[in-house]
Structure formats: structure tokens, C-alpha cells
Amino acid sequence: MNELTNQMVVSWLTEYAKVLEENKTKLNELDREIGDGDHGENMARGFTAVAGKVTGLQNDDIGTILKSTAMTLISTVGGASGPLYGSFFLKAAMTATGKQTLNPDEVKALWEAGLESVIARGKASVGDKTMVDAMRPAVQALGANLQRGLKEAAGQAALAARSGAESTISIVAKKGRASYLGERSIGHMDPGCLSTQLLFESFYKIF
Amino acid sequence: MVGIVLVSHSHELAVATRFLVQSMTGSEVHIEVAAGIGEQFKELGTDAVEISNAIAKAAQDEGALVLMDMGSAILSTEMAVDFLEDSVRNKVKLCPFSFVEGAVAAGVAAKIGGSLNTVYNEAKNSLMQKENHLTPENLSLTKPVGISMDQESVVLIVPNLHGLHARPVARFVELASQFPGDVQITNLTTSQGPVSGKSMTSVMSLEVLKGHHIRISAAGGDTRGFLNKMKEEVENGLGDDLTDTETQDTADSGDADQQPIGISRGIVIDRVYQAQVHESDIPQSLAEDATSEMAVFRQAVAEVRGNLKNGKVILTPTNQKIFLAQAALLDDPEILKNVESLITGSKRNAAWAWTEVINQNIKMIENLKDPNLRQRASDLKDIKRLVLDRLGVKAEVLEIPEQGILLVDNMTPGQVTDLNRSKISGVVCLGNGPTSHSSILLRSFGFPAVIQAASVFKDKNVNGAMLIMDGSTGELILEPTREQLFDFRQRQRREEDQIRKELEGSQKAAVTLDGKLIPVMANIGTKQDALMAAENGADGVGLFRTEFMFVNRENGPTEQEQVDIFTDILRPLKDKPVVIRTLDAGGDKNIPYLNLPNEPNPFLGIRAIRLCLQNEALFQSQLRAILRISAVFKVEIMFPLIATLEELRAAKRQLIKAHETLKSENIAHQWPIKTGMMMEVPSAAILAEEFAREVDFFSIGTNDLIQYTLAADRGNTQLQQSIAKGIPSAVVRLIRLITDGAEKAGIPVAVCGETASHPELAKILLDCGVSELSMNPKSIPEVKTWIRSVRLSD
């Protein structure tokens, strides 16, 4: 099936919440090295709340599901991930208003809208050692592989997210709390990248 | 009173800070707290929805200043601002300064009734006290980056009656920009600034009025010399006449004393609506390569700036000083810096980045108190459109909510071509000169139009009101009586009958009452023009403009390309004579592939025929293309802007060369081919007798001939009154020289300027001995009908 349905979206978000809970400690550790140590905590809490909310929205349009996700994140995720992932889901929601299913092009548009809003909100570019380093290549890979079918495209996106995340290990952080560490931020993956990688991996699992 | 919002990761910190502030100011100062998340806000973090609600509450009265601790508190606040209603958002400012010190300073300023700007500035300066106390010997801690220890300043009182309005600001910025180091200006009276003295919008934002004290600071150069000069300039009014009691910038939307002029025939009885500018969606894509995106942007800005400075932009009827002010806006370092950071930092494409920055500035200017300064928002809108146009993005489309007549201040040519023909029955402009490009387009698209209508609509809010307009006479009747409606409906019916008869008659040749056949030809440039020409009974083409094939492209068109384009366009006019004019493009920058050098005066420089003579390969390709299609169509060729016999002879030599190369390649073409020249330069008109011996025909470009003879710009409304009425007598005399010279050599004279389409003016031309008229296709039926009603010997 080469489309994204509302139920698949709910599965994605529920899966992601589970994955975050499983990786909570790892995320916290990464964040401790170059931040304030609570990224795992924040994301798990936020998405657990999201999972609880969206389970009841299985039959709603995708826009509603994503918007609800955004608003939940904003109120429950304390750090920068709140507004950043919040913006992502909010802008993504706007591309899917009233739609119960999305065709591949619409899926691409959804991810692109989300990516643009993350960049606009956080004002980060590729190479600043932020979640954008994982998200941008992933969205590009998704778009480039669309004609192979959504499942394949999602798979490629997840792979690209992972290599994007890994690329941040050896670079200096230029944004966020980590940037206060300057050169000491080298040698550690950006935690936002890992949570983004997990986001794409969860997305792949629903196909 | 301005409210304050405290946004922090820590609820306790925010509450404690509020307590601290109110211990100094009392609780009348409205302070909202949006801090912490989760149960009882005990967790560290921020919630954009909470923040948004807090801001809405605090801003209810006179707006709010929002202070944030750091990091995600800022992101959440920015998101919260997006959630606000527009009316609230406009009175909210985010404070980039320290949390506690800023809150205290802001609170005190708010308590004593400070405006939002004042409160903001007080927060800005809040760290100074602490610094001065702890590090008195190192005062540069809070100084803006770039100002060094050798900074000097001078305090002055502004004498101008209307304060620093657009013209003096432009002059100020012009002077400041010449100083190599940093220049800052502060309005001490309103505590605004310091801002960069080289940025026009920044200086305007200070809203300096008469009697205000300003401080000008400079560092990094001959500061004393510069400041002395500025002192002198400011005290002398920065270009304003200080004895004048009424120095105002001229409004863009037309002088209320000017009478409306009908410029495009048609009686319309319909509801009139104020034009709504519909912002086309700017593609919000990310730039692949920020460096090349920046280069594209800079190129676009440079082109627009160049066009504004040499007066090539026929956009709105404004006087020269306003054009310079617009060009200065393009030099504004703050604007350029902000665009640059959006492109290189946020990776936005150039159009998106530019739109965002310029919209912010427009909003800021529109919120200024001084109406003269607010007017400058329309300058910003103009340059916004110009730059977007250069970047290949259509900016603003004019629309109305219902079917009706469009009422607008001014229009750009691009906006005319985008008008929705099925919705808009007529156009009324408050400004615009009769021969400006937009007006010509309105006529050729057949929109009934009246311009210079400011006097009729002054101070009136007309949305949806009934309007009668007559595009021939310029009559405008708002909210007509029943009698007037009846009267005009009759006139309208008669006019419609007239038009129908004209169209029917247009396919036949037009002969005067005394038997003289006057060919009525079309001026064309596009396929659509050619179709309209055929439909409207053109007897041929008196002017085929070829510039479009060469401009706004990466490289020149090949010979084959040109042949294909000609063939395609001329198909509807197969058996009619067609005069093709060789390239008449200006020496400005829309032919990048020719790498033309910079000229101080491109209008009077290497353009048109001179350009072709200096670029032989280009000229040959065009001449060969024209000769090749002469095998299929009845083509004649004409050279533009000929001023000397040498130029004409050189051009003819080039034509012969093209013929010879085609002949050697056995490519069919007509030879000899009828070769003529444009008569638009006074020197050629004066020597018409000599020129007539060397060409097969003349074609008078009346617009340019009038321009060059009277040294006046046709797009300039300030000048319209003296040159718009008929054909100036000096030019009539030149026309007689042209026709006399032509008669002696036995060659015909045509007119291809807009005057040919106005019956009263055409009469003058025909009486001088002009034998052929060429005009925009829409006017042909009307002119033919008129010709059939005149006697030339009158």
C-alpha cells in the first residue's frame, strides 16, 4: 500500500513513544555530555502524553492528529525540543488538514514543511551539530526515493538520518546549550540527532 | 501602561523576579509570569501556549515587553508570538537583554508611562549602571560592536519644521555613508537608539521631530571633521528650506488639484472597489548553495539600484528626489545585513529572505506616527516589487472582492498585465502620468481607464459604491443620481454601437473624405499583439519591437531561434507589410552576456544602434535572421536612434554584409530590402533632407522625439502639465522638417509613437504630411473610423 493513512500515523507516534522510552537513558547520557542531561526524560514524557492523546484520534484527519501532537509536546516537553518538535508537527499538520490519507507526494510535502519550520524556528543549518544534521539528509533521501514506493523511501530516510546523526560526533556544536562547550562538544553525538534518527526509524516501521 | 511578561525555565525565578520589580514599582505594573511546566509548573521548562496567553493578557493595554532567561525559553516565546492575533502581535516586543536587570528597568519605565519603545530601550541600557560601577575604566562592555575608543559625538537640535522626514533622512544617510567608520544616531528626546546612521529605515524609526535633541556618534576615521560637517548640515536643515513653512514630501498618490484624465476609451457603470493587494505566495524553499543565492540577490539589487539611479524605471510618477530616496533604501546596510543572515544562516532562498525583511521594515514604517514618514512605506513596497521582479517572482497582484471597477493609487506595468479581465470592468488610478508605460498597457489591453483621479476620491471610503466612469472624457461620477445613470447608459449604448461599427469597418482600408488612403498599422512585440493586430484590422506592422528576444537571458538568441520566433509571431499577418526594428535595448544591465561597461548615462550612451555597431556578431545574427524571413513575409527593416549619417551608413554596411554572407551560402532572402530609420533624435530631424536621400522611409518615434527635444522624461507626472498637451510646437516644427525633407527625396513618412492613436494629434501629423500611422492594435478601429470622417485639406 503506497499511502499514509491516519491509522498509520497513530501507529508511528505510538511506536516512537515506545522507542523513546526504551532509549531514554541513552538520550539522557548524550545530553549530559553536552547539555543538561534531560533530553531523554523530556522526549519520553512528551511522546508518552502524545501517544495517550492520539490513540483516540485514529479516525480523524491527519492534520488533527499532528496538530494535537504539536500542542501536547509544547506543554510537556520543557527544553528546546518542545518548540522545535512542536513546530515540526504543527507545520506538518497544516499540509494534511482534512486528509485521512496522503499519497507519496503529499508525504514528501509534509516532511519538507516540517523540516523548514524546524530550521526557521531554531535557525540552525547543516553542520551546526543539531537535529537538522539528521533531519535534512533524511527528508532529502525520502524525496529522492519516492518513486520506489513509500516503504523504500522511508527506509532510505531512516538510513540517511542515522548517518547524519553519526556525522555530528566529530563536529563542534554551534547552537543550543552544547555550543557553550565549544570544542569540548567534539566526540559526542548530538542528542537531538539521535531522537530524530529514532523518529525516522519508527516511521519506517509502520510500512 | 505597558505590561511585562517574564518567561523562564524556572517558575520560582520568574515569580521572584516579579516580586523584586514590584517592590520598586508597586503592583500597578502588570507583570505576567509564564514559567516552568508540568504539575504546578514545578518542572524546568517553558510552554508556548502558556506564554502566548500571558502575553495576550499583559499586552491588553499599551502592549507588552517580554523578557526571557535563555535558550528554549526564547524558542518557545517566538512560537508563542506566532499564536497571537495580529492586532496583539503588533504591540509586543521581545527583549534581548538581561532578565533581572532588564525587568527592573522595564518595570520602572512602564510605571512612569513610557511607550513600548521607551520601555524596551530602558531594558537595553539596564546593564550600564552595574558595569559602570564595577568596571568604570572599561566602558566599552555594552557599546555596540564596532564602536572603538576613539568614538566622538555631537549633540544637536533638529530645526526642520517637519523633523527628519524622508528627504532629510536620505541626505543624512547619504552623508553618513561616506564616512568610512561607524556612525550612530540617538534620539535623546525620546530615548530611542542608538541606531546605525547609515541605515535609512533605522534613522526613520527614531521619528525625530522639530526641536528634538539628537546625538550623532562616529568612530574610525576623521571623526572631528565628519561631525563638524554633520553639525553644519543638520543646522542648515539637511536640504530642507528652513524658511519654508510648508516643506512636505510630495505624496505618491497624485496631487489633489489635478483633474482626472481619460486614457482608455470605454464607459463603465459599475461598483468601484479599492484594490486589494494579494501577496502571491513566495516560494518558501531552501537555498541549495547560500553563496550563489547571495550572489543572485546582490545582482538583483544592483540592477534595480542602477535602474532607479538612471531613471529607467517607469514605475510611479515621483520626482527625482524620491527615486534617489528609493535607491538609498536599497543601500540600507541594516536591510542588506538582515537579508544576508537569512540566506546564509537560515538558508532561505533570496526571494523569501528579501520578502521577510522588507515586510518587517514596511510594517515598522507604517507604524510610525509621522504621516510623511509613513508614506515612505510605499517606496519600500515599490522596491520590494522591483527586486522580486528581478528575482523572477511576481510579488503583488491587484484584486477586488467582486466584479467591478478597480481603484488603485498607482500600478506597475507588471500589475497591468496580471489584471483579471473577467472580474475588472475598468481601472481608476489616483496617480499615473498619461504616457507612462502602465497607461499605455491599459489602453492596449482595452481596459477603460481614468487616471489622476485623486481629487474625486480624496478622503472618501468608496468600497462598493456605484461609479460611472468615461475613459474617453475622464468623467467620474461617484454615487450617481438616477438621471445621471440613465444619461450615461444611453451614452454607453451609443459607444458600444460605435465600437462595433468600427470593428466591422476596421478590416477595410481607411480613406479620408477627400480620397486619401491612410494605412493604419500596428506596433507589436508579442504573438498576442500580432493576433490583436490581425483581429483589429491592421493594414500591416509599422513597428515590430525585437528587444524581448535579447534581454533577460543568459546568452543571446541564435540566428535560427530568431527566425523561428519571427515566423511564429508573424503568421497571422502573412501578407501584410511588416517593419522590423533592429535591437533598441538600452545600455543598462539587462543584456548581461554582452559584458557592457558601466556608464554614467546609459540613456545617452551605448544603446540601440550604437550597441549593435559595437557588437558585430550580435548585429549580424539579427540582420541575417531578418533577411531570412523576408523570403516568406513582406519585411522592411528599420534602424533605431540614428543621430548621425555615419551611424546610418555603418548600419547599412552591416546590412549589406549580412546579405552577402547569406548570398554566398545560397540562403534565400529578399534583396534589395526596403530600409528605413527611426526619426527620434533631434539631430536627424534637423538634417532630414540629407538623411532622406539615404533611406527608403522615415518612421517618427514621437514619444522619444518629444523627450529628447524638450529634455523631459515622459514618465514623470510632475512634468506632464507642460508636455502632455498635444504635440509641443517645437516638435511640430521638427516634424515639418522631417516631412519636407522626405518629400524632396520622395520617400514616405510614418509615425509609430502613441500620438498616432489620438485623433486630434493624428490630424496634426497628417496635416504635416505624414502618410502612415502605426499604433497599439486596440486603437486601430477607432482611428480608421475617424480617418473616414476627416478631410485633410481642412
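Reader: Which residues touch the most other members of the largest nonpolar core?
Author: The model is a predicted one. Its largest nonpolar core holds 145 residues. Those that touch the most other members are F47(A), F89(A), W111(A), I216(B), F297(B) and W354(B).

Reader: How many residues are in the second, separate core?
Author: This core stands apart from the largest one and includes A522(B), I706(B), V732(B) and I780(B). Its residue count is 83.

Reader: With which residues is W354(B) in contact, leaving aside its neighbours within four places in sequence?
Author: W354(B) belongs to the largest nonpolar core, as does F297(B). Once the sequence neighbours within four places are set aside, the contacts of W354(B) are F297(B), L330(B), I335(B), V339(B), I383(B), K384(B), V387(B) and L388(B).

Reader: Why does L20(B) count as partly exposed?
Author: L20(B) lies in helix 1 of chain B. Buried means under 20% relative accessible area and exposed means over 50%, with partly exposed in between. L20(B) therefore counts as partly exposed, because its relative accessibility is 38%.

Reader: Which helices of chain B each supply at least two residues of the nonpolar patch?
Author: The surface patch is formed by L20(B), M24(B), V100(B) and V108(B), with about 310 Å² of accessible area together. At least two of its residues come from each of helix 1 (11-25) and helix 5 (99-111).

Reader: What percentage of the residues in chain A is buried?
Author: Chain A contains 9 helices and 2 strands, and it has 207 residues. The buried share of these residues is 57%.

Terms used: Residues numbered from 1 in each chain as written. Chains lettered and ligands numbered in written order. Predicted model: local features only at pLDDT ≥ 70, side-chain atom pairs only at ≥ 80, totals over all residues. Heavy atoms only, no water. Helix = DSSP H or I, 4+ residues; strand = E, 2+ residues; numbered from the N terminus. Buried < 20%, exposed > 50% of the residue type's maximum accessible area, 1.4 Å probe, protein only. Patch = residues over 30% accessible without salt bridge, like charges linked within 9 Å, V, L, I, M, F, W, Y side chains within 5 Å. Areas by Shrake-Rupley, 256 points an atom, 1.4 Å probe, with all protein chains shown as cover. Salt bridge = Lys/Arg side-chain N within 4 Å of Asp/Glu carboxyl O. Core = buried A, V, L, I, M, F, W, Y, C linked by side-chain atoms within 4.5 Å. Contact = heavy atoms within 4.5 Å.
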